[in-house]
Amino acid sequence: MRIDILTLFPNMFDGIFQESILKRAIDLGKVEIHLVNFRDFTEDPHHKVDDTPFGGGAGMVLMCQPIYDCVESLRGEDSVVVLLTPDGVPYQQKLASTLSQVKHLILICGHYEGFDERIREICDMEISIGDYVLTGGEIPAMVLVDSITRLLPGVILEESYQNDSFQNQLLDYPTYTKPRNFRGREVPEVLVSGDHKKIEEWRREESLRKTRERRPDLIQEEK
Ligand code: ADE
């Protein structure tokens, strides 16, 4: 998969691609990530990418031209163009799964007060990572890249995400590691019983219990 991230602040991504699973995925060639500063596409002699809003109001608005030209230079037959914005569709695991099938993702990070409404017209999808407003689309873009990359074949063991919270509309079951007794806190007996059928049942029950308790809305969706 190839991901192009259109941003005015490429340095914000320093670090996140150089550690842990994302780094490994890049090194293994499972994902290729390009940071593209759309300021490089402006035709303005002063390299401007934004201007004041028509009709008045506070702040600056990202202009169409640099983003249109940047997207047009990158877009191919297999590309999906995503605009990160608080008024997009809510981002969920299911959408991460869908996007992990795409060959080429183009992520547009908005900034400042907003962007010219006509930018929406060149996008295939608008995504919000939650009901709060961030200073720009960079952190949302990182969230997408991380959640999508771990789902690409060969990045982590399939087993590791099959039981993820949300993958089956249920929260994760509890897990434990050594020691069996930590300061008086015992690991549930069933997990050391060696009875795999019982362990499976216990995990399913715990997932259901936790979901009913914390996120009953997810169980509604499962029906
Ligand atoms: N840009 C600013 N806030 C955002 C959010 N919550 N989701 C996606 N993009 C954003």
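## Exercises on a predicted model

A search of the whole structure finds zero disulfides (pairs of cysteine sulfur atoms within 2.5 Å). This is a predicted model: local features need pLDDT of at least 70, side-chain atom pairs count only at pLDDT 80 or more, and totals for chains, interfaces and linings use all residues. Residues are numbered from 1 along each chain as its sequence is written, and side-chain values use heavy atoms, with hydrogens and water left out.

**Exercise 1. Describe the shell around the ligand.**

Step 1. List the residues with a heavy atom within 4 Å of the ligand. Among them are L84, T85, P86, Y132 and L134.
Step 2. Sort the shell by class. Eight residues are nonpolar, four are polar and none is charged. Here Ala, Val, Leu, Ile, Met, Phe, Trp, Tyr, Cys and Pro count as nonpolar, Asp, Glu, Lys and Arg as charged, and the others, Gly among them, as polar.
Step 3. Find the polar contacts (N or O atom pairs within 3.5 Å). A backbone N or O atom of Y132 lies 2.8 Å from a ligand nitrogen. For L134, the corresponding distance is 3.0 Å. For T85, it is 3.1 Å.
Step 4. State the cover. On its own, the ligand has 260 Å² of accessible area (Shrake-Rupley method, 1.4 Å probe). The protein covers 96% of that area.
Step 5. Assign elements. Strands are DSSP runs of E with at least two residues; helices are runs of H or I with at least four; both are numbered from the N terminus. Strand 5 (79-90) and strand 8 (125-128) each give two or more residues to the shell. Strand 5 gives the largest share, three residues.

**Exercise 2. Locate the backbone features at P179, S20 and H47.**

Step 1. Take P179. The peptide bond from K178 to P179 is cis, with omega near 5 degrees. P179 sits in the loop between helix 5 (158-162) and strand 9 (181-182).
Step 2. Take S20. Its phi is positive, about 55 degrees, although S20 is not a glycine. S20 belongs to helix 1 (residues 20-27) and is exposed at 57% relative accessibility.
Step 3. Take H47. Its phi is also positive, near 60 degrees. H47 lies in the loop between strand 2 (32-37) and strand 3 (50-51).

Methods. Near = heavy atom within 4 Å. Polar contact = N/O pair within 3.5 Å; in protein donor to acceptor, adjacent residues only side chain to side chain. Buried < 20%, exposed > 50% of the residue type's maximum accessible area, 1.4 Å probe, protein only.
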